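Reader: I would like to learn how to read a structural model with care, beginning with a single side chain and then turning to the chain as a whole. Could you take me through it?

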Amino acid sequence: MSEDRKQPMSPSSRIASRIALPAQDEDIASIRRALIAKLTYAVGKDPTVAMDRDWFIATALVARDRMVDRWMPSTRETYAKDRKRVYYLSLEFLIGRLLMDSLSNLGLTDVMRSALGELGVDLDRLRQIEPDAALGNGGLGRLAACFLESMATLSISSYGYGIRYNHGMFRQVIRDGWQREYPENWLSFGNPWEFERPEVSHMIGFGGTVEEIAEADGVTRHIWKPAEMVEAIAYDTPVVGWRGRHVNTLRLWSARAPDPLRLDAFNSGDHVGALANRARANAISQVLYPSDATPAGQELRLRQEFFFSSASLHDLLYRHSHEYGDIRTLADHVSIQLNDTHPAIVVAELMRLLIDTHDIPWDEAWDITVAATSYTNHTLLPEALENWPVYLMERMLPRQMQIIYLINARHLDMLRANGHSDERLLSSVSLIGEDGGRKVRMGSLAFLGSHKVNGVSALHTDLMRRTIFRDLHTLYPDRIVNKTNGITFRRWLFEANPGLTGLLTDVIGPRVLDDVDAIQTLAMSADDTGLHDRLFDIRRANKVFLSNLIQQRQNIIVDPDALFDVHIKRIHEYKRQLLNILETISLYESMRAQPTREWVPRVKIFSGKAAASYQRAKLIIKLIHDVARVVNSDPTLHGLLKVVFIPDYNVSRAERIIPAADLSEQISTAGMEASGTGNMKLALNGALTIGTLDGANVEILERVGADNIFIFGLTADEVETRRQGGIDAQQFIDGSSDLRGVLDAVGSGVFSSDEPDRYRQLVEDITHHDYFMVSADFDSYSTTQRKVAALWRDKHAWWRSSVLNTANVGWFSSDRAIREYCDDIWNVPVPGRG
């Protein structure tokens, strides 16, 4: 039995039936009959011997049938009404578990629960059987999932395109405080939601040569002859929108060798070598973000990105040609959205297909490409902007590299013809970077090949214009636009927190389930103490549930009446889990020094994965565990402070943590977080934010008000000024006795007695190379945490702020974001809009 099956009953299941869900057109008896039929004929099990996993598969298949009943009409309607399609290309789709999400959107949760109950099966137990789909890692993938659901909800005809990873990024296991990585085996028992499409396959080439052929009309044709071919096989998952009105498609590609077994080699005794081609091809869709620390790893990353980009283009061009015949009308019927820089090779590959396959002249092909393509940038970090070595590109993608060279030459020639002779400017906007070895700037390629480039928060978009794309923005001032991220309330409120959803429908009415703007009316009840009491009861039930999970999994007893201080996100130095744990040490030392003071009980909850090759991030995880070991075992604290790290963070764990959170840690170094969506999810569920003026925190501040959020630290401009003046932090440490004491304790081995020097270099870097402003922001952060504690003591003020957070973040819906993309980037009408 898996540990998930031992979980306590969620308070959500007792409250969900009170929520006004979509109308159900099937009765309990018909669903019960469908369950028995699926269990018998699809799973092959007798109900008398069926296990929970068998019932889960049967339940998923029944739900999938109802999705298909809406999927086919949605597709037919797209053709009949000649709707423009959006193709959303993303290396990640962090869709989580689909059972409850699908049942909720179909309006079948209650009837399915009752039908299963009559068969002696508990729906809440089944939901724990389903593994999270290992198709993403963090905010990038979760945003893509939210956007797919919102496009379905708004009846925007769309496809999501990505890779069907066999093992995801990794399953995180903590051993002696250290992160260990293991494959995610989410497909071990099959995936009941997907349809394999072996008839939908495309051959993707790598390497080889390019031949030039002079035609009789004087035109030179280029023929790419790849040295290696990989077959892309489609797997389709239906994505159902709210109330089941429309269903779109998530199409994921799996890589296979066209000739999976060299029979001659096998029969000659080389049984392993005979499978070499198969292993090489399969590697493409094995793991998300394989380490690029080696040349082989770097090559695999490039193969992945080209594989899914090329397969997706082949697929959508085939669909367009089959429906319309004329490839020249592509941009009238198709919008291709690049979700971050990973699919930037789309620009060169689309040009190749238009020119080499469809005989479109260069200028016309370029106009089509730019008109059809748009690009979302998600980061200002240089390592995420996809700069590929020229030699690797020339070897792996020779024809695409020729096209990139020509795009670059024509672009620079045009600039010179228009009077731009500054070599610094020309070097800056060139697609080929010359610093540290010649590299292809994929972010710049995506910029030039798109008609719109968007940031994902107001601050991030402004910084894009001023930093990474400064010179390109000067040349194309209308190209960069802002589209602040959003989240789907169906997943992150209705499904994750049915208790709060039930309260909202009681106070506001059922319209809040369809109109997120209606949530604003909750603000009128911000001072209602009766409402505060109900919110307290809901939050406490969620905290009790999470506390029980923590006790079961981590063997740590936490107080559900304590302040739950939550920091859940990818482990990275700029996200500053290090700042949080250092301040936790300061709080711990203060509690020990002043045991008679009335301290606010606090539970510090961390969760997140560090990239497998990111040693500093993994060291921070170890430090969190070392601090937890000391703090949690100190009897002098009487349980007033606990530190918990919940391993293997994913969507399902977020759905348990977020409704139980009191304080949301959004403390990234200002100017480095593009947007964040965890901040939105936590604020929607009533957690108060402590954060810097970074990413979407700025816009959350504008909407919830300065009295209902805790802002601290340097601004983005101040961070940049300080970096220009040097990043030695000795002056801050000398001026802060708290920080100095904390660093002395960490550096001297107080929390690592088995290895006293474990954190000496970490402390040295914080002291003399404080790039992420941990020392610079420490005192401001610590002071603000004391303000948090003060407000927590004032229960009326705290719950008033909590109400106003929930009431004022409706704007952060992914439905709003998708409508903005439709209006300003995709030129796609939103059906049903007045």
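**From one side chain to the whole chain**

Author: A polar atom of the side chain of Arg653 lies 3.1 Å from the backbone oxygen of Pro647; a polar contact is a pair of N or O atoms within 3.5 Å, where within protein one must be able to donate a hydrogen and the other to accept it, and residues adjacent in sequence count only if both atoms are side-chain atoms. This is a predicted model, in which local features need pLDDT of at least 70 and side-chain atom pairs count only at pLDDT 80 or more, while totals for chains, interfaces and linings use all residues. Residues are numbered from 1 along each chain as its sequence is written, and side-chain values use heavy atoms, with hydrogens and water left out.

Reader: In which helix is Arg653 found, and is Arg653 buried or exposed?

Author: Helices are DSSP runs of H or I with at least four residues, and strands are runs of E with at least two, numbered from the N terminus; Arg653 belongs to helix H25, residues 651–657. Buried means under 20% relative accessible area, exposed over 50%, and partly exposed in between, with a 1.4 Å probe and protein chains only; Arg653, at 16%, is buried.

Reader: How many helices and strands does the chain have, and what percentage of its residues count as buried?

Author: The chain has 34 helices and 22 strands, and 61% of its 834 residues count as buried. Along the principal axes, its C-alpha atoms fill a box of roughly 95 × 70 × 65 Å.
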